[in-house]
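Please keep the sequence and the model in view while going through the numbered points.

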Amino acid sequence: MKRTVDVSLPIGPVHPVFKEPCRIKCETRGEYVLNAEIELGYVKKGIERIMRGRPWQEVMFLAERVCGICSVIHNMVFIEGVELISDISLTDRAAYLRVIVNELDRIQSHLLANYSYCYTIEHETLAMYLLNLRETAMDALERLTGARVTCSYIIPGGVRFDLSEADARWLQETVDTIDSELTRFVTMFKTGSLIALRSKEVGIFTREEAIESHAVGPTARASGLTHDCRLDHPTYRRLDFTPVVYTEGDNYARIMVRFDEVFQSTALIRECLDRLELGKIRGGGEVIAGTSRWAGEAPRGELTYQITTDEYGRVMNIGIRTPSIMNIEACAHYMIKGVLSAADVTSTYISSDPCIACNER
Amino acid sequence: MSRLQDLKNTVRSKSIHVCYVNVGSCNGCDIEILACLAPRYDIEQYGIYVHNNPREADVLLITGAFSPQWEDKLMELWEKIPEPKVAIAIGNCPISGCVFNREGSYVDPPVRKHIPIGAEVPGCPPRPTEILQAVLSLAPVVFKDYEGGNE
Amino acid sequence: MSLSVIWYLKEFIRSEWLRKFFFVKTAPLETPAHFRGFPQTTENACTHCFACKMICPAPGAIDVLRDGETWMPHIYLGHCIRCGLCVEACPEDVLTAGRLLEVQKIDQTSYASTFHVVIDPELCKRCGNCSVACPVNKEIDPYLAGTGTASSEEVIMRIIRGEMRVIHPEKCTGCKTCEETCPNHAIRVARVVQGVQEERS
C-alpha cells in the first residue's frame with residue numbers, strides 16, 4: 001500500500017487558471033491542504049515612485065494603470081482626493097455621471113470575477129454566458145467614455161464627456177438587458193447541483209477570521225461584515241443604497257454577493273439616470289498644496305489614496321492601499337487552509353477575486 | 001510533396017495554441033485577451049485555443065513592461081515552447097514601456113531585448129479585434145513550410 | 001438512449017449542420033465610431049503651439065515635426081495611449097480621434113493652463129542662460145539674445161542686481177527651454193491645468 005507523504009505543491013506563476021503571475025505553495029497530505037503560502041512580486045513596477053513630482057493630468061493616467069480591471073475607481077479616488085485638497089466643488093450632473101461610470105465598471109469587474117470562478121470550476125457554459133454579458137457592460141462603458149478599459153473619464157471639477165439624450169436612452173435599455181439576462185444566469189448558478197457541490201461549504205471564511213485578517217469588499221461582505229465605503233461617499237448617500245451581506249462565508253456566498261451587487265449597480269445607474277438634470281459637467285478649479293486621505297469602494301473592496309501636493313498641484317508624495325492584499329492574505333491563511341482537495345485550491349483562490357497588478361503596482 | 005506541404009500549411013494555420021504571460025502589465029491587456037474568448041469575438045472559431053501552458057503553445061502573447069522578477073524566468077519559458085513558435089507583444093508596455101517607462105521605475109522595456117518578438121500590437125490596451133487580427137495574420141506566415149530538425 | 005443517439009446522428013448528417021460547422025464565422029466586427037482611436041490629423045494648419053505635446057501623459061507619444069514650411073503633429077504608435085487629451089487641448093482642431101472633436105464642440109469643453117516659473121535661489125548660479133535661451137524673451141528684446149544683457153523690462157525673467165528675477169510669469173508659454181538650458185536644474189516650469197466648460201446657450 002502506498003504511504004501518504006507530505007507534498008509541497010507549487011501552483012504558478014504561469015498556470016492555466018491564473019490571469020496574472022502569482023505562486024501558491026500548498027503543503028498537502030494526500031488531497032488535503034494543510035497550509036498555503038502566497039508568493040508575490042512578479043509584476044512590481046514602482047508606480048508610486050514615478051507618480052512623484054508630476055501634475056494631476058499625468059498621475060491620473062498612472063493611477064488608472066495601477067489596475068486595468070478596476071481602472072475607473074482608481075481614477076475616481078485619486079481625483080476626489082485631489083479635489084478634497086483644493087476644495088473643488090462638483091456639479092450635480094458630473095457627480096451622477098461619475099457614479100454611472102463607476103457602477104458600469106463594477107458590473108464588468110464582478111462579471112469577470114464570476115466568469116473566472118465558473119471557468120475554474122469547469123462550468124464553461126455559464127462562464128461564457130457571463131463573459132458575453134460583460135461585453136454588453138463594456139459597450140456601455142465605451143459609449144460613455146470612448147474607451148473600453150482605460151477610460152480616463154474623471155478630471156478635477158467634473159468629467160470629460162457629457163452624456164447625450166440618445167445615449168442616456170440607450171444606456172437605460174442596456175441596463176435593462178443586463179438585468180434580465182443576469183437573472184437567468186443567476187438562476188442557473190443557484191439551481192446547479194454540481195455548482196453547489198463545488199461551491200457550498202468550500203473555503204469557509206468566518207466573521208471572526210474576516211475581522212482578524214482585515215478582509216474587505218465582497219470577500220468580507222460574504223462573511224457578514226457590512227462595511228462598504230460607498231456608505232460614506234457624498235453622492236452615494238443621496239442615492240438609495242444598502243450593502244449586500246451574506247453570512248455563510250463560503251465560495252458560494254462570495255459569488256452570490258457579486259451577483260447581487262451587479263443588480264444593485266444597475267438599480268443605482270437607473271436612479272442616477274432619473275436624477276440627471278441638464279447642466280455643466282466641468283467646473284474648473286486649480287489644484288493647490290495640501291494633504292488628504294480619501295477612500296472609495298473598488299469592486300474588490302476599500303481603496304485608499306493618501307496624497308500630498310505642492311503649491312502648483314504637483315504630487316509630492318502618494319500612498320496607495322489597494323484591497324487585494326488583505327483579501328489574498330485572508331485567502332492564503334484562512335480559506336485555502338483546510339480545503340479538501342487540490343482542485344478546490346484554485347477555485348477558492350479565484351473566488352476571493354485576487355488582483356495581483358493592484359497589489360504590487 | 002508540395003501538395004502535402006500545402007495541406008500541412010492549411011492545417012497548421014487552422015490550429016493555433018496560444019499561451020499568454022503577464023510580465024508586469026496593469027491587467028488591462030490581459031482582460032482584453034480574455035475578452036477575445038467571449039462569444040462575440042469567439043477566438044476558437046478560427047481554431048485558436050487559449051490556454052496557459054507554454055509546452056503546448058505555438059504563439060506566446062506577452063503583456064507588460066518586463067519587471068525584474070522575470071529576468072531569468074521569461075527566457076526559460078520561451079525555451080519551453082516547442083518549435084515553430086512566435087511571440088507577439090500585446091499593448092504599448094512590451095513595445096516601449098508605455099507610461100511606466102520613466103525615471104525611477106523598476107521595469108526594463110522593451111521586451112524585444114530579452115526574447116525575439118515576431119509582431120507588435122500597439123494600443124493601451126488594444127481592442128480584442130486588433131489582437132485577433134494580429135494572431136490570425138501572423139500565424140500562417142510563421143508556420144508556413146516548417147520542417148522540424150532542419151535547424 | 002438509443003433514440004437520442006439516432007437523433008444526434010441524424011442531426012449531424014444534415015447538410016446545413018455540416019455547412020455551418022465548417023464554414024460559418026461570426027460577422028466581422030467593426031470598431032464603433034465612438035471609440036477614440038489613435039489621433040488623426042485634419043486639414044487644419046498646425047501653428048506649432050505644442051499644446052498637444054505639453055499635455056500628453058505618455059513619454060514620447062507625440063511630436064510636432066516640420067515638413068518644409070508646415071508643421072504637423074506626429075503620433076508614435078507603441079507610445080500613444082489613446083487618451084485623447086491632445087485632441088481636446090489643440091486650439092486649432094488639427095487632431096481628431098473618434099467622435100471626440102464633435103463631442104467637444106457640443107459640450108464646449110477645453111483645458112485652460114497657466115504656467116509658473118520657479119527659481120530655486122540656492123541652486124541658481126546667476127548665469128542668465130535661461131533668460132537668453134527663452135524664445136519669448138528673444139521676441140520681446142532681440143538685444144538680449146545677442147548680447148546677453150537685457151534692456152527691456154517686458155521680458156519674462158532677467159538678472160536684476162545680481163539676482164535672477166521672474167518679472168512677467170504670465171507671458172510664459174510653457175516650452176521648458178529654460179529648464180533644458182539650466183546647468184544646475186535650478187529653474188522649473190510648473191503647468192497647472194484645469195478642465196473648463198463654457199456656459200451653454
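This is a predicted model: local features need pLDDT of at least 70, side-chain atom pairs count only at pLDDT 80 or more; totals for chains, interfaces and linings use all residues.

1. In what order do its five strands lie? They form an open sheet in the order 2-1-3-4-5, and the pairing is parallel. Strand 2 (48-50) and strand 5 (119-121) of chain B stand at the edges with a single partner strand each, so one side of each has no neighbour in the sheet. On average, neighbouring strands of this sheet are turned by 25 degrees against each other, if direction is ignored.

2. One pairing within this sheet may be examined in detail. Strand 1 (residues 16-22) and strand 3 (residues 59-63) of chain B run parallel and are joined by five bridges. Within strand 3 of chain B, the residue that stands opposite B:Tyr20 is B:Leu61.

3. A helix is also placed against these strands. Helix 5 (residues 128-142) of chain B lies across strand 1, strand 2, strand 3, strand 4 (86-90) and strand 5 of chain B. Relative to strand 4 of chain B, this helix runs at about 160 degrees.

4. The chain as a whole can now be described. Chain B contains five helices and five strands, and from the N terminus on its elements follow the pattern α-β-α-β-β-α-β-α-β-α. Its radius of gyration is 16 Å, close to the 15 Å that the globule rule gives for 151 residues, so chain B is as compact as a globular protein of that length. Along the principal axes, the C-alpha atoms of chain B fill a box of roughly 55 × 40 × 20 Å. Of its 151 residues, 51% count as buried. Among contacts in chain B between residues at least 6 apart in sequence, 82% join residues at least 24 apart.

5. Chain C should be read beside this description. It has nine helices and eight strands. Its radius of gyration is 28 Å, whereas a compact globule of 201 residues would have one near 17 Å. The C-alpha trace of chain C spans about 105 × 45 × 35 Å along its principal axes. Of the 201 residues of chain C, 29% count as buried. Of the contacts in chain C with a separation of 6 or more, 58% come from residues 24 or more positions apart.

6. The domain assignment of chain C gives domain 1 (44-107) and domain 2 (113-193). The C-alpha centres of these two domains of chain C lie 27 Å apart.

7. In chain A, a pair of helices deserves attention. Helix 3 (residues 71-86) and helix 4 (residues 92-120) of chain A pack at an angle of about 145 degrees, and their axes are 8 Å apart. Helix 3 of chain A brings A:Val72, A:Ile73 and A:Met76 to this contact, where they meet A:Arg98, A:Val101, A:Asn102 and A:Asp105 of helix 4. By type, the residues of this contact are four nonpolar, one polar and two charged.

8. Lastly, how many residues of chain A are in contact with chain C? The number is 25, and they touch 26 residues of chain C. Helix 2 (56-64) and helix 5 (124-145) of chain A each supply at least two residues of this side of chain A. Helix 2 of chain A gives the most, with three residues. The residues on this side of chain A divide into nine nonpolar, eight polar and eight charged.

Definitions and conventions. Residues are numbered from 1 along each chain as its sequence is written. Chains are lettered from A and ligands numbered from 1 in the order in which they are written. Two residues are in contact if their C-beta atoms, placed from the backbone, lie within 7 Å. Helices (H or I, at least four residues) and strands (E, at least two) are DSSP runs, numbered from the N terminus. Ala, Val, Leu, Ile, Met, Phe, Trp, Tyr, Cys and Pro count as nonpolar, Asp, Glu, Lys and Arg as charged, and the others, Gly among them, as polar. Domain bounds come from an automatic or database domain assignment. The radius of gyration is taken over C-alpha atoms; the globule rule is 2.2 Å times the number of residues to the power 0.38. A residue is buried if 20 or more other C-beta atoms lie within 10 Å of its own, exposed if 12 or fewer, and partly exposed in between; C-beta atoms are placed from the backbone. Axes are lines fitted to C-alpha atoms, for helices over the stretch in contact, and angles run from 0 to 180 degrees between N-to-C directions. Two strands pair if DSSP finds at least two bridges between them.
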